[in-house]
Amino acid sequence: MEKGKGVMGSGRRWAVDFSDNSTALSSRDIRDPPGFTRASVDQDDSTVSRQKKDAESNWKAQKAWEVAQAPFKNLLMMGFMMWMAGNTVHLFSIGITFSALWQPISALQGVGKVFEPYKDGKVELLGPKLLFIALNLGGLALGVWKLNTLGLLPTHASDWVSSLPPAQEVEYSGGGIPL
Amino acid sequence: MAIRSFFVPFLLFGLYFYSSLSPVLSLYEDQVGLMDWHQQYIGKVKQAVFSTQKTGRRRVIVSTEENVIASLDLRHGEIFWRHLLGSDDVIDGIDIGLGKYVITLSSGGSILRSWNLPDGQMVWESYLQGPKHSKSFLLVPTNLKIEKDSVIVVFSNGRLHAVSCIDGEVLWKKDFEAESFEVQQVIKPPGSDLIYVVGFAASSQFEMYQINGRNGELLKHESTTFSSGFLGEVSLVSSETVVALDSTGSILLTISFQNGEISFQQTPISNLYEHFSGPAIIIPSSVPGIFAIKTNAITIFIRVIGEGMLEVAEKTNHETAISDSLPLSEGQQAFALIQHAGSEIHLAVKLAHDWDGNLLKESIKMNQQRGLVHKVFINNYIRTDKSHGFRVLIVMEDHSLLLLQQGTIVWSREDGLASIIDVTTSELPVERDGVSVAKVEHNLFEWLKGHMLKLKGTLMLASPEDVALIQSMRLKSSEKSKMTRDHNGFRKLLIVLTRAGKLFALHTGDGHIVWSHLLRSLHKSEPCQSPIGLNLYQWQVPHHHAMDENPSVLVVSRCGPSSDAPGVLSFIDTYTGNELSSLSLAHAVAQVIPLPYTDSTEQRLHLLIDSDKHAHLYPKTSEALSIFKREFSNIYWYSVEGHNGIIKGHALKYECTGKVADEFCFDTRELWSVVFPSESEKIIATVTRKLNEVVHTQAKVIADQDVMYKYISKNLLFVVTVAPKGCGEIGSVTPEESWLVAYLIDTVTGRILHRVTHHGAQGPVHAVFSENWVVYHYFNLRAHRYELSVIELYDQSRADNKDVWKLVLGKHNLTSPISLFSRPEVITKSQSYFFTHSVKAIAVTSTAKGITSKQLLIGTIGDQVLALDKRFLDPRRSVNPTQAEKEEGIIPLTDSLPIIPQSYVTHALRVEGLRGIITVPAKLESTTLVFAHGVDLFFTQLAPSRTYDSLTEDFNYALLLITIVALVAAIFVTWRLSERKELQEKWR
């Protein structure tokens with residue numbers, strides 16, 4: 001994810017487009033050489049750029065799907081680690097469980113950002129986004145399930161009554177052996 | 001709700017950490033004395049004998065009413081050594097034999113022991129039997145010898161014994177089997193080998209036996225009849241003359257038996273003292289030539305001159321006390337006389353034959369709170385100018401022991417604290433300007449020095465001397481003995497009522513006496529002849545809206561030993577010890593029931609039940625009455641009649657039917673009764689829960705997150721009955737004819753919730769009741785071992801409350817008030833374990849919110865207090881607990897309870913004669929304050945689950961400090977490095 005973002009996204013600060021610039025310059029200052037018809041070249045150029053754009057959006061869509069599927073690997077790894085951590089409460093299992101909870105949540109918070117580079121009028125991002133969200137929710141569910149198996153979720157009656165004060169008695173009686 | 005779910009992981013965390021810790025709570029050597037204190041006492045002195053040996057330090061040997069024999073340092077009053085004989089081994093007499101043995105006669109004259117004077121080791125012990133019960137006398141004559149053996153003469157159980165002083169062998173004995181013979185005196189005149197035994201027979205006959213001290217041969221037996229009989233004791237006025245009173249108490253009889261001839265001389269007291277009226281009594285003393293009688297408030301000293309002639313030496317209406325005579329040189333005898341005069345006492349030392357002259361006359365200012373002088377013991381010493389100096393040991397009304405010498409009190413011992421009847425606690429004042437009483441002010445230099453030392457200690461740089469200094473600083477910390485309330489609630493006042501009727505306030509920090517007060521209402525007075533203090537109750541505990549009031553306690557006492565004697569109430573301010581008021585009641589006090597209601601000044605309502613089963617409400621204010629009337633129909637009371645085996649429950653009815661209209665008096669009617677069959681069961685123990693016990697929760701979470709609901713009721717009574725045959729000592733019955741039945745009875749409805757029979761078990765039973773469980777201790781005759789049993793009560797009718805959603809939304813009735821008339825479905829779980837020790841007292845720790853796990857505090861036969869985790873007494877223990885149960889903290893079942901030496905709360909100390917253990921919660925939830933009392937006092941703080949809410953004493957502050965310093969240094973260094981690097985980057 002990080003890598004893709006770097007290459008495609010805001011990582012690129014400047015670019016030199018030699019072909020385009022030359023045409024633009026030549027069209028303004030220098031006359032076309034003889035036998036050169038600009039119209040055909042222009043037309044040709046536009047078809048090339050359209051093709052190029054199509055390729056790019058295809059590539060973007062593909063990348064978006066890839067990014068959307070990335071949490072799946074994570075999920076598997078998390079599952080493995082949870083299995084390794086066991087079902088008792090100690091530092092390791094608590095750490096893993098909390099990271100398993102935290103990762104999907106932070107990922108879900110940054111859904112827009114993750115798919116920012118692939119934003120394009122033509123690219124359909126809804127599918128990858130939904131998949132991304134679904135997978136992360138899956139991760140979250142796994143985390144919550146782990147939390148529950150550790151007994152840290154108040155899903156039992158015991159969690160709700162453990163601090164109930166004793167019921168008051170209406171009657172009061174005292175006495176004993178005479179002094 | 002959010003808080004609760006937040007709590008769950010914390011609780012589980014706590015549980016986990018707790019289960020990973022070892023349950024042993026022990027103390028490091030240098031922590032002894034930081035939290036605990038121990039005070040040693042001996043009790044009210046009965047008899048004192050001064051060691052006459054010139055070598056070694058001056059000592060006095062005393063025997064006390066707590067059955068202690070002790071050797072005290074005459075310079076400071078410290079105890080050299082001390083032995084506590086059992087409560088059934090009452091000391092009858094002590095003396096010193098051969099200057100190096102302490103001889104004691106005890107158990108009604110049947111046990112004679114000899115102890116080594118310097119170190120208190122027992123030298124020998126003899127059992128003396130006799131044909132019948134009688135008074136016992138112990139004589140250690142200096143000049144009687146049989147074959148170079150020094151002899152001790154003992155009269156006990158109707159037999160005269162001569163016992164060797166060296167090895168306790170009985171040299172000869174002589175029986176006095178005459179049916180009605182009552183021995184009054186055993187006399188050994190100095191300078192002869194004769195022993196006289198005088199006494200009364202058939203109440204009107206005077207008998208005299210003359211016995212050869214060398215072989216026990218009866219030389220002469222004379223008797224004379226005196227028609228009008230005898231009253232009380234006789235007083236010895238010379239080695240061959242005694243004085244007695246006739247049965248009307250108005251005629252003095254001088255009985256002389258010189259040379260074996262008995263001669264009487266009668267002198268009506270009215271001849272000596274014309275205003276005489278009413279019977280007189282003889283004050284027992286042994287001053288030659290002088291005796292004292294007391295009539296009404298007047299004490300008359302009478303001189304015997306010549307042949308039975310009597311003459312009044314002095315009449316006084318001051319309270320007086322007279323010592324026994326002390327032989328001085330040249331055959332002179334001296335005695336001490338103490339008279340009260342206002343706030344002073346006058347001490348006079350006189351020679352026996354010279355009443356008018358004084359060897360010594362001093363007046364000493366005496367604290368009024370010590371009351372009257374009860375006993376005087378005199379001792380002399382030779383001054384450097386070869387004249388006689390006198391020191392006097394006096395025993396006061398409050399049981400304290402004082403040494404007077406040269407007109408001052410050299411030392412005093414508060415031995416009244418050896419016989420505590422009841423204990424309660426009180427908070428100290430809140431710290432405000434001018435309230436603090438602590439006067440310990442350090443100057444800056446000392447303060448700095450102390451902190452430097454402490455720093456050195458924590459950084460482990462201190463030398464051994466420094467360590468000792470730091471330790472003494474820790475022990476003497478003024479912080480713990482401050483007279484104000486502290487944040488953790490460790491500093492409190494222990495209010496104790498002693499048998500002498502004196503109230504003491506002890507500071508929990510170091511055990512010093514903050515104030516002491518001899519109760520005026522417990523003084524002898526006209527309407528109240530022999531008042532007895534009974535109990536202490538917290539009368540007013542101001543908090544919240546009544547902050548300005550001082551807390552006060554209620555002392556309930558009674559005029560006389562019978563249960564229908566009128567009661568006396570006194571109210572004592574616990575900050576100052578002043579008696580706020582006292583009430584002489586018109587009715588008796590059979591029971592005191594503190595009610596769970598307080599009025600607007602935080603005075604607790606108390607219901608006093610008199611012997612006619614009328615209930616009286618106190619305080620007698622209209623406000624209290626209106627509060628009481630509101631709860632009227634919900635108040636019940638019960639009485640346990642141990643002698644006929646009946647427990648009765650009563651309800652209240654309006655208005656007394658008595659003669660005087662009293663709106664604070666209520667009639668009662670009997671509701672129910674539980675009658676135990678007298679031929680098979682006898683009540684030996686009853687226990688209830690403590691009124692002020694706080695329970696945190698009604699649910700018990702067990703393995704697999706299941707819930708059990710505790711049956712928590714304040715109105716439960718635990719009763720133990722035994723077979724009437726099994727009431728005696730252990731081993732006096734066979735297992736087949738002894739059984740023990742334990743009952744749990746609801747005291748409102750009389751319903752028996754649980755009943756269990758232990759066959760082949762025997763008392764004595766000690767029990768403790770807390771939350772929903774009872775633990776009791778008894779003897780198993782079949783296994784020949786002591787057992788501890790636990791019964792836990794659970795409420796089955798609540799067990800269905802398992803729907804999480806209902807609980808989340810609060811749609812349950814678990815916390816709504818319940819009536820005991822609705823039938824509870826109680827199930828019990830119980831288990832029994834062997835226990836090594838026999839037990840003197842059982843208590844349980846109590847904490848402020850009841851969250852902390854509990855420990856049982858067991859007073860063992862060795863006078864120590866053992867802390868035993870309640871987890872060991874869990875009826876859910878099994879031989880092979882499942883994994884989940886192990887996680888819950890269930891210990892695998894064993895047949896006996898472990899005694900871990902480190903879990904003795906009293907560590908190396910002993911609380912001699914342990915009688916009671918009191919636990920008081922501190923404000924800090926983890927901590928409970930424990931006070932154990934007997935002849936000694938012991939106080940400590942206890943954290944049953946360790947101090948999870950504060951740092952412990954042994955927390956490694958040094959490590960913390962070093963870590964912080966290292967971290968700060970690291971931050972600085974890296975910051976500088978990164979700055980430099982950044983600069984270099986920029987220049988590149």
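In which strand of chain B does B:Q210 lie? Select residues 205–212 of chain B, which form strand β17, and B:Q210 will be found within that strand; strands here are DSSP runs of E with at least two residues, helices are runs of H or I with at least four, and both are numbered from the N terminus.

Before going on, note that this is a predicted model, in which local features need pLDDT of at least 70 and side-chain atom pairs count only at pLDDT 80 or more, while totals for chains, interfaces and linings use all residues. Residues are numbered from 1 along each chain as its sequence is written, chains are lettered from A and ligands numbered from 1 in the order in which they are written, and side-chain values use heavy atoms, with hydrogens and water left out.

**Around B:Q210**

Stay on B:Q210, which counts as buried because its relative accessibility is 8% (buried means under 20% relative accessible area, exposed over 50%, partly exposed in between, with a 1.4 Å probe and protein chains only). Next show the side chain of B:Y196, which is joined to that of B:Q210 by a polar contact of 3.0 Å; such a contact is a pair of N or O atoms within 3.5 Å, where within protein one must be able to donate a hydrogen and the other to accept it, and residues adjacent in sequence count only if both atoms are side-chain atoms. Leaving aside residues up to four places away in sequence, B:Q210 also touches others, including B:L194, B:I195 and B:L219, a contact being heavy atoms within 4.5 Å.

**Chain A**

Select residues 80–105 and 125–145 of chain A, where an unreviewed UniProt entry places the feature "transmembrane region". Residues 80–105 are 81% helix and have end C-alpha atoms 19 Å apart, whereas residues 125–145 are 95% helix, with end C-alpha atoms 30 Å apart.

**The interface**

Picking out A:W160, A:Y172 and A:L179 shows the residues that supply 21% of the area chain A buries against chain B, more than any other three residues. The elements giving two or more residues to this side of chain A are α7 (157–161) and β1 (172–176).

Methods. UniProt positions renumbered as here; feature names shortened; annotations may be inferred. Buried area = accessible area lost by both parts, 1.4 Å probe.
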